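Hi everyone, thanks for making the time.

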Amino acid sequence: MAFKITARTLLELGAELIGSDAVALYELAKNSVDARSPVVRIRVQSVLPYSRFRHAIDLVDQGEMPLAEIRQNIEQWILPDAPAGAARPLLAALTGAMDASDFRRLLVEGYRDINFVEVSDDGEGMSLHDLEEIFLTIGTRSRRKEKSAWSDQDDDPSRTLLGDKGVGRLSVMRLGEHLSVRTTKAGESRWNDLAIDWTRFSHDSDALLEEIAVVPEQGPRKENPDIHGTTIRVSWLKGDWTRAKFGEMLNAEFSRMVDPFDRRRGNRLFRITYNDQQVTLPQIPQRLFDLAHAKVSARFEYLDNRQAQLVLDMEYRLNTHKKLVVTLPEVRLVSVTQSRSTRVLRRLGPFKVEFLWFNRLFLTAVEGLGTKSDVQAMVRQWAGGLMVFRDGFRINPYGGGDDDWLQLDKRAFGRRGYKLNRQQVIGRVNFTWRNRRLVEQTNREGLVDNEYKEALVSILQKVLEDFKTFSQNIEDELKQEDLTSVDVLKARVSKSKTEIQRRIREIAVDAPEQAGPLKEVERLVTALASQIDDVDTIIDDYKDERRKFVHLAGLGLMVELILHELGRSSSSTLNTLEGVDKSQLAGKLPAVFETLESQLRTLQKRIETLDPLSTSRRQTKETFTVEDLVQQVVDARDAQAKRHNVAVTISSASKQPWRIKAVRGMLIQILENLLSNSFYWLKQQAVVEPDLRPRIHIEIDQAANSIQISDNGPGIEVAEAEEIFKPFVTAKPPGEGNGLGLYIARELAEYHDWTLQLVGPAGEKVWRRFSLGLIGKGK
Ligand SMILES: Nc1ncnc2c1ncn2[C@@H]1O[C@H](COP(=O)(O)OP(=O)(O)OP(=O)(O)O)[C@@H](O)[C@H]1O
Ligand SMILES: [Mg+2]
């Protein structure tokens, strides 16, 4: 025994699997490309709309209207732009109808012949044997077989093969009930014909597939035996193929079927006619590329040692001209994709991304393109996020219509009041047959969800996120010069305030033990809020616009820093608590809380110091021992260190304890920030390097007045040694870090006149050591 297949199964695989007429037609076009045809001719003839035809049938069946009158109606319904004489055979036949059932039959047959969609090519064609053995085999491996023989080590083959599943052609049954194939190979003397009437594969029948005979036949003699190619005609159409509808399909869908960044390709490949009139596909105007306010390209590729890397090239051109090229090595990609091994990254296969970004507000009328709203409409037509192409052919539906696969609109891309949405982005991702693990769904609606697709999505989101940060930084810089933005800042400050209050409440839920200090923080935030409300009177005291701005900018940034610190100290405390085995570590618990409390106290103080008019409130400095404090910070992370097998060591050269006078909480915060980075990146490095024995070393050097923290993680490129201390610079994925840690750490150091730097041996490409120099008056 074996499975039996009913004939109706075919309907499920074809007519009902595919979601749109455009996709069905596209499947035929792809087959022509696979057959190495340089052109794909699409010919639509639409004489009598389907809805009118159905209506005429109903009229006949009702038997109330005289046949002559029905015929006259039909004549009226013939589309005005139908090819001359195309309706004549139908109308002539109807005139000669003997009775209603004859009329009905002639109408059905006549309709079948005058409306059709035809796809023809000059490809390899099929022999009679091919028709039998390949075309009539559901799930044929004729294309897949060849493609799977291609090896990743080889150069790109000289042909494109889009076919894979062996079912694409079945989608045409969605378009119409009748299919005819006429095909031939070079050298054959005759055409080969196949006709299929899909109504025989009915849901109402139990017939088995094998019982329904479908037989290819020899067709007429060829004029020239050298001719080769295939023509597939679908008739008995099931929809109204009006010019407007077909035009819409070309504009919205077909124009994006082949990579529109390769501007002329679409019209070189497709020759399209509607009722014998030639139609061209719209293409992205070249001028849009020049008008774009930013251009971004990215390559995901492999080094000789097989490691993956991502190279991002960004260019911002709105009111300025700035370029930035960033390379993310594999360890950063492991972090971005939150992978547990490099397997997925290494097998994903190379791909490229390119997109244009437009800020609608800055679009203007352009000579040769039209008015401002024309230009905006042009951007709108092509925008929609990142489309996806394999070997230059579209994988629907990404980056079009309602699709937001990278969650551009939904995600936190709108963070900090700055939006990056789909309507601003015209772009695409290009991959090839090499990305075999990215598999199209059988219904041709996107990629199958698997770990490779997930990695792809994370990497693309990272590209978008990095562009957002890059452009935001430029915008911020430009704004610093723009003194009219005081109101903008004020709004930002008060928005952050609300956010802080929300977070405090969250922390209070997670760590009820800390209710006391948290209440105090909240009280201070409320005080701060009212101070911000009064900000107008404060800044009115500044006669000088620039100083007014600097004051507000400082205030705004400070509020954001506090927000960040609150989030971080709470989550790191919670992480630590999670790993604590309470019975064993009873002695360690106080260290955890003391650290949190110290941090919270520092925060309180920092909120107080926000009051620029008050000189009375100052952070108090106390005298303490550096060794004890370092030990306390390390103890607080003991559980985490055990969990991740990180060996944390402390060394001190001097026998005497090192006593300093400083703000305790601030030093804790500096060390905490550095440790938290080390932990994070050691975890990522361990993924890339499974044999890694993660280490963090803290060296207390009283003689040199410094505390040095080093680890054996991925390190930081020397070229970025200063960059990392700037606000909002982060290599972590969105949500993991907002790039303020080191900025704050250095700010806290500078409060004491200390220095904080990344250091390392000259000549090395990456450095792994932070040096905190405790010189100056804080000593
Ligand atoms: N225009 C054509 N010229 C030559 N051969 C064709 C043509 N159309 C279809 N074929 C043959 O019919 C086979 C079946 O086509 P079909 O689109 O159903 O499957 P496929 O292209 O192999 O895979 P997929 O389902 O992924 O499209 C093709 O593999 C090809 O051998
Ligand atoms: Mg195919």
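Let me begin with a question: in which sense do strand S9 and strand S12 pair, and over how many bridges? They pair in the antiparallel sense, over seven bridges, with S9 covering residues 294–302 and S12 covering residues 351–357. Before I go on, please keep in mind that this is a predicted model.

With strand S10, residues 308–316, S9 pairs in the antiparallel sense over nine bridges. Here Ser297 has Asp313 in S10 as its bridge partner, and Tyr302 stands opposite Ala308 in S10. S9 and S10 make a hairpin, with five residues between the two strands. In that turn, look at Arg306, which has a positive phi of about 75°.

Now let's zoom out to the sheet. These strands belong to an open sheet of seven strands, and the order runs S11-S10-S9-S12-S15-S13-S14, with mixed pairing. Why is one side of S11 and of S14 left without a neighbour in the sheet? Strand S11 (322–328) and strand S14 (393–394) stand at the edges and each has a single partner strand, so one side of each has no neighbour there.

While we are around S14, move along to the loop between S14 and strand S15 (425–431), where you'll find Pro397. The peptide bond from Asn396 to Pro397 is cis, with omega near -5°. Trp236 is not a glycine, yet its phi is positive, about 60°. As background, most residues other than glycine have a negative phi, and most peptide bonds are trans.

Ligand 1 sits in the second largest pocket. There are 19 residues around ligand 1, and Ser142, Asp164, Val167, Gly168 and Arg169 come nearest. By class, that shell has five nonpolar, seven polar and seven charged residues. Helix H2 (21–34), helix H7 (128–135) and helix H8 (142–149) each supply at least two residues of the shell.

What about polar contacts? An N or O atom in the side chain of Asn31 is 2.8 Å from an oxygen atom of ligand 1. A polar side-chain atom of Asp121 lies 2.9 Å from a nitrogen atom of ligand 1. With Gly166 the backbone is involved: one of its N or O atoms lies 2.8 Å from an oxygen atom of ligand 1. And how much of ligand 1 does the protein bury? Taken alone, ligand 1 exposes 600 Å², and the protein buries 97% of that.

That's my tour, and I'm happy to take questions.

Definitions and conventions. Residues numbered from 1 in each chain as written. Chains lettered and ligands numbered in written order. Predicted model: local features only at pLDDT ≥ 70, side-chain atom pairs only at ≥ 80, totals over all residues. Heavy atoms only, no water. Pairing = 2+ DSSP bridges. Helix = DSSP H or I, 4+ residues; strand = E, 2+ residues; numbered from the N terminus. Near = heavy atom within 4 Å. Polar contact = N/O pair within 3.5 Å; in protein donor to acceptor, adjacent residues only side chain to side chain. Areas by Shrake-Rupley, 256 points an atom, 1.4 Å probe, with all protein chains shown as cover. 1 Å grid on protein atoms, 1.4 Å probe; cavity = no way out; pocket = protein on both sides within 12 Å on 5 of 7 lines; lining within 4 Å. Sits in = over half its atoms within 2 Å of the grid points. Nonpolar A, V, L, I, M, F, W, Y, C, P; charged D, E, K, R; others polar.
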